[in-house]
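Subject: Structure handover and findings

Hello,

Here is the model for your files. Please open it next to this message while you read.

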Number of protein chains: 2
Amino acid sequence: MSELTRRGLMAGAAAAGAALALPREAFAGAAAAGKQVPSFYRSKLGDFELTVVSDGARPIPLPPRFVLNVPNEEVLKAADAAYMPKGTVFAPFNPLLVNTGTKLVLIDTGYGPIAPTVGLLPQSLAAAGVDPKSIDIVVISHMHGDHINGLKNPDGSLAFPNAEIKVQARDWEFWMDDANMAKAPEGFVKASFGFARKIFGDIKTRVTIYQWGSEVAPGITAVDTAGHTPGHSSFAIQSGQSKLLFQGDVANVPDLFLTNPEWKVMFDNEPDQAVATRKRFYDMAAAEKVLISGYHFPFPGLGWVEKAGSGYRLVPAPWSPVL
Amino acid sequence: MSELTRRGLMAGAAAAGAALALPREAFAGAAAAGKQVPSFYRSKLGDFELTVVSDGARPIPLPPRFVLNVPNEEVLKAADAAYMPKGTVFAPFNPLLVNTGTKLVLIDTGYGPIAPTVGLLPQSLAAAGVDPKSIDIVVISHMHGDHINGLKNPDGSLAFPNAEIKVQARDWEFWMDDANMAKAPEGFVKASFGFARKIFGDIKTRVTIYQWGSEVAPGITAVDTAGHTPGHSSFAIQSGQSKLLFQGDVANVPDLFLTNPEWKVMFDNEPDQAVATRKRFYDMAAAEKVLISGYHFPFPGLGWVEKAGSGYRLVPAPWSPVL
């Protein structure tokens, strides 16, 4: 384009702007939406339809010993290197809904509304057009508060009133045992016993116990990944040739605990076993290149785990704009 | 829990299932949604509200020389290592909407409906509640088809009829010059001249030319990142102390072109300059730890770029479930 033409263009544009006399006032400064998009995400797995339905995310201010075998300074350095909010570890919560074609299965239920940025599962389900009454089976990976609290509404009623509720045998035995509770240390572990009672204390007869190696729903098999809790379970979800592993809390947030699989986060009930499980699980997942759904991975929490350095790294699955 | 209790529980659960006689038929096998969630995502930048409004994504089957200085075998190896669909490079398209409080500004407009999985910008905007008529300014980072085609509807009418349309001076001069078009090689470059004419040929007087270093909208400054095209521009977006760089195509998909900044993708018009720009841009962005919005980064395309090995890597910003 010549200088002349450009001058002509720019003059022309100015003239056009004047001539068109658009009613700009009517459009300028469109109101900000002021709220986030609903956080749910779909994908296909063979004939199954998966929906990650976020319960939210929150920055966790570090308690005195967040990782048993590493000083907080080192933890915060890793968190800072991962651009987390200063002085905190940023943790998302990703329940997974599986539509097998015959059953609607929800794996884990979120934290409940204990903070403004969590307990969002009901609104994520609503945005996804899922009636809580339509859920057939709720499977619990383990009985920590951020996985079970969403089973009940704030008024104590069941959030998924028509669902069969499935809990792993060893986890149930451990967390519902009053002697275990009596000797639990104050803090996270004691609180976890409290949550277990608050949620399950008056609905014991509604609970079905599952065992590792068995199907908790068609195509969804419970896998022994004990350590994080005594009955901590992952789930191998398979439809046709397509497979996904819902990992629960084999590792917490990847920037800290995939990178450093030997870090013993305070949430691990049996730390040595949790480390061994972590390595076994990810060595297998990396070798098989199997897609993983991570409860504490960045939403939507789907990706592959690879060996990297002395630990592992997450390769997030790219967002697909179509199903 | 004792064995007895567990047996009791399981028997109890079975009895409860029979006794409650839930009308499971009414809920079992809830219909699959069958479609993806709308792909848009909001964030705050100071007083500005940003919305990434996806135009979609698609797997690009490799033409004979996708990267000028690297054999396709090596490119496909990198794509495969990044879990892309076999034999293709998976590329997303992420236009960015900026609400400055006084102006609604759209940066780039997507591919148009040239394939089933792109041209989704209109539906992403609709899902975000944004009337195309309400957009005040459309800014074009550069005049390639996947950034400009969405300016027009399939019937040739303007998709954003009330918007001022802004194009960088050097890009306009290059792509609208008939002599340049006449000598352009067949294929991507020739096609790009065609797209430029199809979109801008009959709306020249609607276009405003912008220069590097100037504001294209309040708080949005055009930055010289030439090389990908002669006038290729990035945008420094600032509100208060908060800053973001919309990078356009400084690098294409990160798994290939952040990792290997010296790879000369066939889309780079001035390959040597594109490599130099890439290094200068990311060295600066990494040192400043500034958040980047990447048009071809995995949706929502926000993250930080760090030096890694002989190149760079993307640290995706975690999805925030609240604004």
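Below are the conventions first, then the findings.

This is a predicted model: local features need pLDDT of at least 70, side-chain atom pairs count only at pLDDT 80 or more, and totals for chains, interfaces and linings use all residues. Residues are numbered from 1 along each chain as its sequence is written, while chains are lettered from A and ligands numbered from 1 in the order in which they are written.

**Chain A overall**

The C-alpha trace of chain A spans about 85 × 45 × 40 Å along its principal axes. Chain A has nine helices and 16 strands. Helices (H or I, at least four residues) and strands (E, at least two) are DSSP runs, numbered from the N terminus. Of the 323 residues in chain A, 49% are buried. A residue is buried if 20 or more other C-beta atoms lie within 10 Å of its own, exposed if 12 or fewer, and partly exposed in between; C-beta atoms are placed from the backbone. Take the contacts in chain A with a separation of 6 or more: residues 24 or more positions apart account for 67% of them. Contact requires C-beta atoms, placed from the backbone, within 7 Å.

At the interface, 66 residues of chain A are in contact with 66 residues of chain B. Several elements of chain A each supply at least two residues to that side, among them helix 1 (3–20), strand 3 (56–61), strand 4 (88–93), helix 5 (169–175) and strand 16 (311–316). Strand 1 and strand 9 of chain A are also on that list. Helix 1 of chain A gives the largest share, six residues. By class, the side of chain A that touches chain B has 37 nonpolar, 17 polar and twelve charged residues. Ala, Val, Leu, Ile, Met, Phe, Trp, Tyr, Cys and Pro count as nonpolar, Asp, Glu, Lys and Arg as charged, and the others, Gly among them, as polar.

**The seven-stranded sheet**

In chain A, seven strands form an open sheet with mixed pairing, in the order 1-2-5-6-7-8-9. Strand 1 (40–45) and strand 9 (207–210) of chain A stand at the edges, each with a single partner strand, so one side of each has no neighbour in the sheet. Neighbouring strands are turned by 25° against each other on average, direction ignored. Axes here are lines fitted to C-alpha atoms, for helices over the stretch in contact, and angles run from 0 to 180 degrees between N-to-C directions. Two strands pair if DSSP finds at least two bridges between them.

Strand 1 of chain A runs antiparallel to strand 2 (residues 48–53) of chain A, with six bridges between them. In one of these, A:Phe40 has A:Val53 as its bridge partner.

Chain B has an open sheet of seven strands in the order 1-2-5-6-7-8-9, again with mixed pairing. Its strand 2 (residues 48–53) and strand 5 (residues 96–99) run antiparallel and are joined by four bridges. B:Leu50 has B:Val98 in strand 5 as its bridge partner.

**Backbone points to check**

Most residues other than glycine have a negative phi, and most peptide bonds are trans. Some sites here depart from that.

- A:Phe299 and A:Pro300 are joined by a cis peptide bond, omega about 0°. A:Pro300 sits in the loop between strand 14 (291–294) and strand 15 (302–308) of chain A.
- B:Phe299 and B:Pro300 are also joined by a cis peptide bond, with omega about 0°.
- A:Lys289 is not a glycine, yet has a positive phi of about 50°. This residue lies in the loop between helix 9 (271–288) and strand 14 of chain A. A:Lys289 counts as exposed, because it has 11 C-beta neighbours inside 10 Å.
- B:Lys289 has a positive phi of about 50° too, and counts as exposed with 11 C-beta neighbours inside 10 Å.

**One loop residue in chain B**

B:Ser214 lies in the loop between strand 9 and strand 10 (215–217) of chain B. B:Ser214 counts as exposed, with 10 C-beta neighbours inside 10 Å. Leaving out residues up to four places away in sequence, B:Ser214 touches B:Thr221 and B:Ala222.

Best regards

Key
Contact = placed C-beta atoms within 7 Å.
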